[in-house]
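User: I'm new to this one. Could you walk me through it, question by question?

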Amino acid sequence: MLVDVPRLDILNESIRNLFYHVTSWFAMVFLFIASFVYSIRYLNSGNEQHDLLAKIFVQVGMVFGAAGLVTGMLWAKYTWGAYWVPDPKLNGAAIALLAYLAYMILRNSLTDNLTRAKISAVYNIFAFVMMVIFVFILPRMTDSLHPGNGGNPAFSGYDLDNTMRFVFYPATIGWILLGLWISELRFRVDSLSQKMNDDLDIKSDRLDSIPRLDEE
Amino acid sequence: MKNKRFLLALFAMIISAAGQAQTTAMADTMRSNGKIYVVVGVIFLIFCVLFTYLVFLDRKIGRLEKQNNK
């Protein structure tokens, strides 16, 4: 039932977490790229739907980031001995998620739609660059416990053999599609709620206008 | 309302199951059989995250429906 995996010390069977932990980070990165693209498109087009999509991709990406974080913590506990170690990769991932949390807080603190869309689109571009630096660049420049960083290989040779690739790549595609599906559902809900709020505003405008007519 | 009670019951079941696992030396269970239970734990955590997200989305849609009926 289970695929053959390399027999490694310390990792043992937990090497199979690659199919869940790594794929969920990949899905997060994909969704953040999508959000980055839509923020740029918003700045070009001024289309409110692009802004909404950028927001949703960040929200859903953060769900996958949270999944990546908690699964990584459990994995770390039984391979490195602690839920959290002061490692550049771990701290970098936490900082990147906090940068995106700041994006959500920034959005929610602005009330005017146009200002909010513009400022948060610009911030989102910065957040994406920060994410790339903290998750992909800085950990590679120092030593890290985490595979794929600072002299610690991941995709080369012993960690990922060909049987694992057969599971890993389809799993990555599956996670990304799951993320896109959730985002699409979220987009439908949010655009529906926006439309309903606009309808309500029109109705209340009409109600407001009635007494004014009476006064005249 | 019924939906909420069901969710609460499910949650209580999960918590009590987790509590029982802890009384039988958690670290040993997790390290037995070549740490395969770490993989089980990871799958469970992902389930929890997606489940929590779905509950939030459910509540959001519920509020929307309520607003629509007004």
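User: How many helices and strands does chain A have?
Analyst: Quick note first: this is a predicted model, where local features need pLDDT of at least 70, side-chain atom pairs count only at pLDDT 80 or more, and totals for chains, interfaces and linings use all residues. Residues are numbered from 1 along each chain as its sequence is written, while chains are lettered from A and ligands numbered from 1 in the order in which they are written. Helices (H or I, at least four residues) and strands (E, at least two) are DSSP runs, numbered from the N terminus. From that end, the elements of chain A go α-α-α-α-α, and the count is five helices and zero strands.

User: How many residues of H2(A) are buried?
Analyst: A residue is buried if 20 or more other C-beta atoms, placed from the backbone, lie within 10 Å of its own; exposed means 12 or fewer, and partly exposed is in between. Across the 216 residues of chain A, 34% are buried. H2(A) is mostly covered, and its number of buried residues out of 32 is 23.

User: At what angle do H3 and H4 of chain A pack?
Analyst: Axes are lines fitted to C-alpha atoms, for helices over the stretch in contact, and angles run from 0 to 180 degrees between N-to-C directions. Helix H3 (residues 88-109) and helix H4 (residues 113-141) of chain A have axes 9 Å apart, and they pack at an angle of about 175 degrees.

User: Which word describes H3(A) relative to H4(A), then?
Analyst: Angles under 35 degrees count as roughly parallel, over 145 as roughly antiparallel, 65 to 115 as roughly perpendicular and the rest as oblique. Because of its packing angle, H3(A) is roughly antiparallel to H4(A).

User: Which helices do the buried residues of H3(A) pack against?
Analyst: Those buried residues include Leu90(A), Leu97(A) and Tyr100(A). Contact here takes C-beta atoms, placed from the backbone, within 7 Å. The buried residues of H3(A) pack against H2 and H4 of chain A.

User: How many residues of chain A does chain B contact?
Analyst: On its own side, chain B puts in 12 nonpolar, five polar and three charged residues (Ala, Val, Leu, Ile, Met, Phe, Trp, Tyr, Cys and Pro count as nonpolar, Asp, Glu, Lys and Arg as charged, and the others, Gly among them, as polar). Those 20 residues of chain B are in contact with residues of chain A numbering 20.

Methods: Two residues are in contact if their C-beta atoms, placed from the backbone, lie within 7 Å.
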